[in-house]
Amino acid sequence: VLHSLGLTIHAHKIWGECDFVILSQGGIFVIEVKGGGVECHDGTWIFTKNTGIKNTKKEGPFEQAKTAMFAVKDFIESNSDYKRLLYGYGVIMPDEVFDQNGPEIELNVLLDKRNIDDTLENFIRCLSRFWKNNYSVKHNSSPTMPDKKMLEEIRLILRPEIKTVYTLNTSFSQICQEQVELTEEQCGILH
């Protein structure tokens, strides 16, 4: 599970973010979590935090999850040989019963207050079944299911291990800068 995965490669945003990316042998899933209240008026989505603070967006939680999923998919495919993997998205609204319907709302990928006590494992299984069936219908074939080795490689693509090297040159530059600062300080005191 990757939390707060930043997306500099989002198709519609300068910067996007996935609340969670779940890498499982059942597929790769982007999860959008909306705590508090959720409303939509005249195409504007209003999210009310438990503190009463409201935040508005033109994009609803299902659309947010979907566009983030495609950004993750495109990034993985452009940085690996992995094609035809199962991708999907889900939305979690732990504080609300959400039973609205509409063309941008996919209730089959929703975990809301009615079943929030269910396990995350069951939610991921449901997502996997739904998206696998969706993929098979639309592509007339089955997706490739990632194995443990693929998942580890994908994790490193999405969130690589990073370590910088503190070079001798960097150390020398820092010492020189400190000497200049000390010399300037000494001159100030003498002055």
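Modeller: Start at the hairpin of β5 and β6, which has five residues between the strands; Gly-52 takes a positive phi near 95° there. Strands are DSSP runs of E with at least two residues, helices are runs of H or I with at least four residues, and both are numbered from the N terminus.

Biologist: In which sense do β5 and β6 pair?

Modeller: Strand β5 (residues 44-48) and strand β6 (residues 54-57) pair in the antiparallel sense, over four bridges. Two strands pair if DSSP finds at least two bridges between them. Ile-46 stands opposite Thr-56 in β6.

Biologist: Before I go on, what are the ground rules?

Modeller: This is a predicted model: local features need pLDDT of at least 70, side-chain atom pairs count only at pLDDT 80 or more, and totals for chains, interfaces and linings use all residues. Residues are numbered from 1 along each chain as its sequence is written, and side-chain values use heavy atoms, with hydrogens and water left out.

Biologist: Fine. Which residues other than glycine have a positive phi?

Modeller: Ser-4 has a positive phi near 50°, and Arg-84 has one of about 65°. Most residues other than glycine have a negative phi.

Biologist: Where are Ser-4 and Arg-84 found?

Modeller: Ser-4 is in strand β1, whereas Arg-84 is in the loop between α1 and β7. Ser-4 counts as partly exposed because its relative accessibility is 29%. Arg-84 is partly exposed too, at 42%. The cut-offs are under 20% relative accessible area for buried, over 50% for exposed, and partly exposed in between, with a 1.4 Å probe and protein chains only.

Biologist: What about Ser-80, buried or exposed?

Modeller: Ser-80 has a relative accessible area of 15%, so it is buried. Ser-80 is in the loop between α1 (61-78) and β7.

Biologist: Which backbone atoms does its side chain reach?

Modeller: The side chain of Ser-80 reaches the backbone oxygen of Ile-76 at 2.8 Å and the backbone nitrogen of Tyr-82 at 3.1 Å.

Biologist: Change of topic. What is the strand order in the open sheet?

Modeller: The order is β1-β2-β3-β7-β8, five strands with mixed pairing. β1 (2-7) and β8 (110-112) are the edge strands, each pairing on one side only. On average, neighbouring strands of this sheet are turned by 35° against each other, direction ignored.

Biologist: And how do β3 and β7 pair?

Modeller: In the parallel sense, over six bridges: β3 covers residues 27-33 and β7 covers residues 87-93. Val-30 stands opposite Tyr-89 in β7.

Biologist: Which helices pack on that sheet?

Modeller: Helix α2 (residues 120-139) touches β2 (16-24), β3, β7 and β8, and its direction makes about 135° with that of β7. Helix α3 (residues 148-158) touches β1, β2 and β3, and its direction makes about 165° with that of β2. Contact means heavy atoms within 4.5 Å; axes are lines fitted to C-alpha atoms, for helices over the stretch in contact, and angles run from 0 to 180 degrees between N-to-C directions.

Biologist: How many disulfides are there?

Modeller: Zero, from a search of the whole structure, where a disulfide is a pair of cysteine sulfur atoms within 2.5 Å. Cys-18 counts as buried because its relative accessibility is 1%, and Cys-126 counts as partly exposed at 37%.

Biologist: How many helices and strands does the protein have?

Modeller: Four helices and eight strands. Of its 191 residues, 37% count as buried.

Technical notes:
A polar contact is a pair of N or O atoms within 3.5 Å; within protein, one must be able to donate a hydrogen and the other to accept it, and residues adjacent in sequence count only if both atoms are side-chain atoms.
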